[in-house]
Amino acid sequence: MHIKPWLPAKRISRSVGFWLLAVTLLALFASTSAFSPLLVVYQHRWGFSPTMLTTIFAVYALGLLVALLTVGGLSDYVGRRPVLAGALIVEAASMVVFLTADGVGLLLVARILQGLGIGAAIGCIGAGLLDLQPSPTSRLGSLLNSAAPAAGLGLGALGSGVLVQYAPAPTMLVFALLVAVFLVLTVAVFFLPEPVTPRPGAWASLRPQVAVPSQARRGFLAIMPCLVATWAITGFYLSLVPSLAVGVLHIGSHLVGALALTTFYGAGTVASLLSRTLAPNRVMTVGCVALAAGTSLTLLALVGPSTPLFFLGTALAGAGWGSSLLGSFGALAALAGPTERAKLFASVYVVSYIAFGVPAVAAGLVIPSLGLRATTMWYGAAVIALALLAVLIAAVRGRTAKTTAAALTEALAADSPSGAAKAAP
């Protein structure tokens, strides 16, 4: 029997494959936040404007959206392994471009490539974590879909901040390390168990589309304000916080700006772990309340300015972010079958990364006229409003569900023999 040379004869177990996917997701998001502490370094070196700074940050979202709209659901047809391997190769290539960047042009190219690689990978990994989790009713896949990105963003920012502050050639060393990581992961992917049987329709699936399974649409729309709030605050921290640390809080150390990011995403990881056994809708609602409260404290700290209050608000907002993300993933995970999961998660990430990139670019456009502090206030107020809207929608849906359940119980009681006997004169 002929075996294709790129397909190893022996696979790793489902449990090992599950954790390999989680580590890969963590590494991908670590590479995203590793760039953030370097933005101020590049701006100082090449003298570009705040608008260009946020553009360099946000073109990543453009590449990611292109990938999601084209290959986001491809792994449902050709399998998880080939899509993920290709995505990791693109991601490694983006790190090489970062290594050789000598101006804004190559930074833009590297960020677009990075977005393409991560966009191709995250829908595939999100579905794969559900495919390989210990049991169909397990919540571990949903937990890692939210906790691994949060942990990766925190670790990437901290590691990059340490290298920027203390290591030689900081704009090269971090990317050299990431090239090695992604090449090792690319090889490891070929040993993954394949939960998807290839089927026709792969070419048709490349046609740009945002597809949410019909049974998931109502729930998807209800959760959208939560998704937008959580990813808009992510864009805020990754694009503006390093500049806020220098321009508003007057902190010169690159490590402190990175520590703010680590505090945010570290709190999000802890909150995800602590709330993993609770009902998804409840976790999402409580998370949105914490997100609104934490963002309010963060804005208040910038008025002072107060660095301790800023970190307190950051920690609370991060806990809300992690809980909201976990709750929304958990609520959405149950809405699609195995052959629809990658497409659903691709759609989730389309909404998420529009919210991630567009507000950051808008902020960069208005900073020259409004100033960094005032722009941040408006940005934060929008996040607070969206988080509270998500809480309101959840409360209305919960009340409607209780009313419907009560009416159904009454109807069943009336139809039962005992109920009919009680109703008789």
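What follows is a tour from the whole chain down to single side chains.

**Before you click**

This is a predicted model, in which local features need pLDDT of at least 70 and side-chain atom pairs count only at pLDDT 80 or more, while totals for chains, interfaces and linings use all residues. Residues are numbered from 1 along each chain as its sequence is written, and side-chain values use heavy atoms, leaving out hydrogens and water.

**The whole chain**

Start with a cartoon view. You'll find 16 helices and zero strands in the protein chain. Helices here are DSSP runs of H or I with at least four residues, strands are E runs of at least two, and both are numbered from the N terminus.

Now colour by accessibility. Of the 425 residues in the protein chain, 53% are buried. Buried means under 20% relative accessible area, exposed means over 50%, and partly exposed is in between (1.4 Å probe, protein chains only). As for contacts (heavy atoms within 4.5 Å), residues 24 or more positions apart account for 86% of those with a separation of 6 or more in the protein chain.

**The nonpolar core**

Select Leu84, Ile122, Phe175, Phe182 and Tyr353. In the largest nonpolar core, which has 119 residues, these touch the most other members. A core of this kind is a set of buried Ala, Val, Leu, Ile, Met, Phe, Trp, Tyr and Cys residues joined through side-chain atoms within 4.5 Å. Which helix gives the largest share of this core? That's α10, with 14 residues.

Zoom in on isoleucine 122. Ignoring neighbours within four places in sequence, isoleucine 122 contacts Leu25, Phe29, Leu64, Leu68, Tyr349 and Tyr353.

Show the rings next. A search of the whole structure turns up 14 aromatic pairs. Rings of Phe, Tyr and Trp (its six-membered ring) pair if their centres lie within 6.5 Å; planes under 30 degrees apart count as stacked, over 60 as edge-to-face and the rest as tilted.

Pick phenylalanine 236 and tyrosine 379: this pair is tilted, at 5.5 Å centre to centre with 50° between the planes. Phenylalanine 236 sits in helix α10 (residues 217–247) and tyrosine 379 in helix α15 (residues 372–415), so the pair ties together parts that are 143 residues apart in sequence. Phenylalanine 236 is buried at 3% relative accessibility, and tyrosine 379 is buried at 8%.

Then pick phenylalanine 264 and tryptophan 321, another tilted pair, with 5.7 Å between centres and 45° between the planes. Here helix α11 (residues 254–274) holds phenylalanine 264 and helix α13 (residues 307–333) holds tryptophan 321, so parts 57 residues apart in sequence are tied together. Both phenylalanine 264 and tryptophan 321 are buried.

**A charge over a ring**

Jump to tyrosine 77. What lies over the face of this ring? It's arginine 199, at 4.2 Å from the ring centre. A charge sits over a ring if NZ of Lys or CZ of Arg is within 6 Å of the ring centre and within 35 degrees of the ring normal.

Select glutamate 91 in helix α5. Buried or exposed? Glutamate 91 is buried, at 0% relative accessibility. Leaving out residues up to four places away in sequence, glutamate 91 touches Leu28, Ser31, Gln114, Gly117, Ile118 and Phe182.

Follow that to glycine 117 in helix α6 (residues 104–132), which is buried at 1% relative accessibility. The C-alpha atoms of glycine 117 and alanine 87 are 4.5 Å apart in space, though 30 residues separate them in sequence. Beyond its neighbours within four places, glycine 117 contacts Ala87, Val90 and Glu91.

Serine 94 is also in helix α5 (residues 80–100), and is buried at 0% relative accessibility. With neighbours within four places set aside, serine 94 contacts Ala110, Leu113 and Gln114.

**Last stop: a bend**

Finish on helix α3 (residues 50–71), and look at phenylalanine 57. There α3 bends by about 30°, the angle between axes fitted to the seven residues ending there and the seven starting there.
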